[in-house]
Amino acid sequence: MNIIAMGGGGFSMEPNNPRLDRYIINQSEQLRPKICFLPTASGDSEQYIQRFYTFFKEEDCEPTHLSLLKPEVADKESFLLSQDIIYVGGGNTRNLMALWKEWELDRILEKAWKNGTILAGISAGSICWFDEGPTDSVPGQVTKVKGLGLLHGSTCPHYDDPEESGEMYRHYIANEELSAGYAMDDGAAIHFVGTDIHKAISSRPEAKVYHVAKDENGQDVKETPLEMEYITIE
């Protein structure tokens with residue numbers, strides 16, 4: 001049971017840096033793993049889908065995608081359970097969770113995870129696996145959103161981006177409005193096996209992952225950096 005949650009990076013943010021995406025592919029035991037892209041959070045953006053295929057068609061895998069807004073697959077459960085890797089794109093986390101619940105993908109994805117399908121994702125596709133996290137789904141606001149709860153605690157992607165949700169993430173944890181969790185810079189990711197951290201990885205030498213929680217006195221928020229492994233896969 002593997003989940004690889006990315007704070008940022010991959011084909012959509014680092015088209016000339018394939019390290020994170022190739023790391024995901026290499027976690028499969030299959031020679032040419034079937035990898036399915038879920039672009040739900042982007043409103044099933046055609047451009048986003050095309051960028052996925054542009055990259056993954058050149059890799060040792062069999063790429064496909066599943067659209068909820070322009071559905072082409074009737075039996076979504078059988079389709080997703082047949083995949084070796086499910087890769088969730090970024091976008092509007094709140095819309096993502098609402099549509100998944102309506103189409104029962106919340107239940108199907110948990111079943112896939114328990115059956116051994118590797119789950120991965122960036123940004124909204126990272127928050128979705130946790131109990132909760134901050135989101136800018138509402139224009140001009142950073143609010144809280146519930147995830148699937150496969151991983152305990154909260155998470156915050158794009159932690160090193162000053163225009164993203166890092167400041168509000170610390171605020172919510174300080175006020176106990178979000179549980180303690182993990183903040184990931186762009187280019188950083190956490191690989192979970194089951195619900196335990198296997199390793200924290202990065203596609204950029206400076207990218208970090210932090211455990212963010214209230215300090216021992218319960219007064220301030222403490223950021224504890226995790227030991228990072230820089231990926232050298234080209």
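**Loops, strands and cores in the model**

Glu176 lies in the loop between α7 and β9 (181-184); helices (H or I, at least four residues) and strands (E, at least two) are DSSP runs, numbered from the N terminus. The model is a predicted one, in which local features need pLDDT of at least 70 and side-chain atom pairs count only at pLDDT 80 or more, while totals for chains, interfaces and linings use all residues. Residues are numbered from 1 along each chain as its sequence is written, and side-chain values use heavy atoms, with hydrogens and water left out.

Glu176 is not a glycine, yet its phi is positive, near 60°. With a relative accessible area of 63%, Glu176 is exposed; the classes are buried (under 20% relative accessible area), exposed (over 50%) and partly exposed (in between), with a 1.4 Å probe and protein chains only. A positive phi, of about 55°, is also found at His158, again not a glycine. His158 belongs to the loop between β8 (151-156) and α7 (166-174). His158 is buried, at a relative accessible area of 10%.

The strands β8 and β9 run parallel and are joined by three bridges; two strands pair if DSSP finds at least two bridges between them. Within this pairing, Ser154 stands opposite Gly181 of β9. On β9 there is also a pairing with β12 (residues 209-214), which is antiparallel and has four bridges. Here Ala183 faces Tyr210 of β12.

The interior can be followed through its nonpolar cores, each a set of buried Ala, Val, Leu, Ile, Met, Phe, Trp, Tyr and Cys residues joined through side-chain atoms within 4.5 Å. The largest of these has 37 residues, and those with the most contacts inside it are Leu38, Leu80, Trp100, Leu105 and Trp129. Helix α5 (residues 105-114) gives this core its largest share, five residues. Leu105 is in contact (heavy atoms within 4.5 Å) with Leu38, Leu66, Leu68, Lys76, Leu80 and Trp100, when residues up to four places away in sequence are not counted. Another core, of 24 residues, lies apart from the largest one and includes Leu20, Phe55, Ile85 and Tyr87.

Ser12 counts as buried, because its relative accessibility is 17%. Its contacts, leaving aside neighbours within four places in sequence, are with Tyr48, Arg51 and Ile122.
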